[in-house]
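Reader: Can you put the model up? I'd like to go through the charged pairs and then the helix packing.

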Amino acid sequence: EVKHKPVNVVDVLQKALDLLSSKMKKKNLSIGFKQEGCSFIAVIDNEVLMQVCLNMFLNAVDAMSEGMSGRLEVGYTDDSFVKIIIANEGERIPEDVRSRIFDPFFTTKKEGTGLGLSISKRLLKEAGGDISLLEDESETVFQILLPASVESM
């Protein structure tokens, strides 16, 4: 049962990174974590946010080769959302498939169901948030928007 309530976004992001630390160490990957403050509270189910974060981080780790890096940023938008940026310098998403990456069962991976991004998008939409792939020349950048808790603004 999904229960949307105030959640500390930084705590969830850190736990998700911790869960993937051994996989990242095996590939000698690093992810820089930048926060524009100390606490970011969004209204979303904790487990939903964890599932989305793990999926996005796994995708980033899979896209990166040995020794590459990524970045994770958290901040607030001007219109009452918590913004999470997940970027990596790994393999870019080809231009001809960018419009289809959130479609169910679409994948460019040899292994995988093609459901991770579509499920993440649906779960975020149900919580009043969203996810999008941003245009960038040098890295793959996803932006997640989550409804900010009124108490945290």
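Author: One definition before we start: a residue is buried under 20% relative accessible area, exposed over 50%, and partly exposed in between. Keep in mind that this is a predicted model.

Reader: What does arginine 122 form a salt bridge with?

Author: Glutamate 126. The closest N and O atoms of arginine 122 and glutamate 126 are 3.1 Å apart.

Reader: Where do arginine 122 and glutamate 126 lie?

Author: Both are in helix H4, residues 116-126. They sit 4 residues apart, which is about one turn of the helix.

Reader: How many salt bridges does the structure hold?

Author: It holds 8.

Reader: Which residue does lysine 23 pair with?

Author: Lysine 23 forms a salt bridge with aspartate 62, with 3.8 Å between the closest N and O atoms. That pair links distant parts of the chain: lysine 23 is in helix H2 (residues 21-26) and aspartate 62 is in helix H3 (residues 46-63), 39 residues apart.

Reader: And how accessible are lysine 23 and aspartate 62?

Author: Lysine 23 has a relative accessible area of 34%, so it is partly exposed. Aspartate 62 is at 41% and also counts as partly exposed.

Reader: What about arginine 98, buried or exposed?

Author: Arginine 98 counts as buried, because its relative accessibility is 10%. It forms a salt bridge with glutamate 95, the closest N and O atoms being 4.0 Å apart. Glutamate 95, at 59% relative accessibility, counts as exposed.

Reader: Which residues are linked in a network of salt bridges?

Author: Arg71, Glu73 and Glu139.

Reader: Switching to packing. At what angle do H1 and H3 pack?

Author: About 45 degrees, with the axes 9 Å apart; H1 covers residues 9-19. The two helices are therefore oblique to each other.

Reader: Is the crossing left-handed or right-handed?

Author: H1 passes H3 in a right-handed crossing.

Reader: Which residues meet there?

Author: From H1, the residues are Val9, Val12, Leu13, Lys15, Ala16, Leu17 and Leu19. On the H3 side they meet Asn46, Leu49, Met50, Cys53, Leu54 and Phe57. By class, the contact has 11 nonpolar residues, 1 polar and 1 charged.

Terms used. Residues are numbered from 1 along each chain as its sequence is written. This is a predicted model: local features need pLDDT of at least 70, side-chain atom pairs count only at pLDDT 80 or more; totals for chains, interfaces and linings use all residues. Side-chain values use heavy atoms; hydrogens and water are left out. A salt bridge is a side-chain nitrogen of Lys or Arg within 4 Å of a carboxyl oxygen of Asp or Glu. Buried means under 20% relative accessible area, exposed over 50%, partly exposed in between (1.4 Å probe, protein chains only). Axes are lines fitted to C-alpha atoms, for helices over the stretch in contact, and angles run from 0 to 180 degrees between N-to-C directions. Angles under 35 degrees count as roughly parallel, over 145 as roughly antiparallel, 65 to 115 as roughly perpendicular and the rest as oblique. A crossing is left-handed if the near helix is turned anticlockwise from the far one by less than a right angle, and right-handed if clockwise. Contact means heavy atoms within 4.5 Å. Ala, Val, Leu, Ile, Met, Phe, Trp, Tyr, Cys and Pro count as nonpolar, Asp, Glu, Lys and Arg as charged, and the others, Gly among them, as polar.
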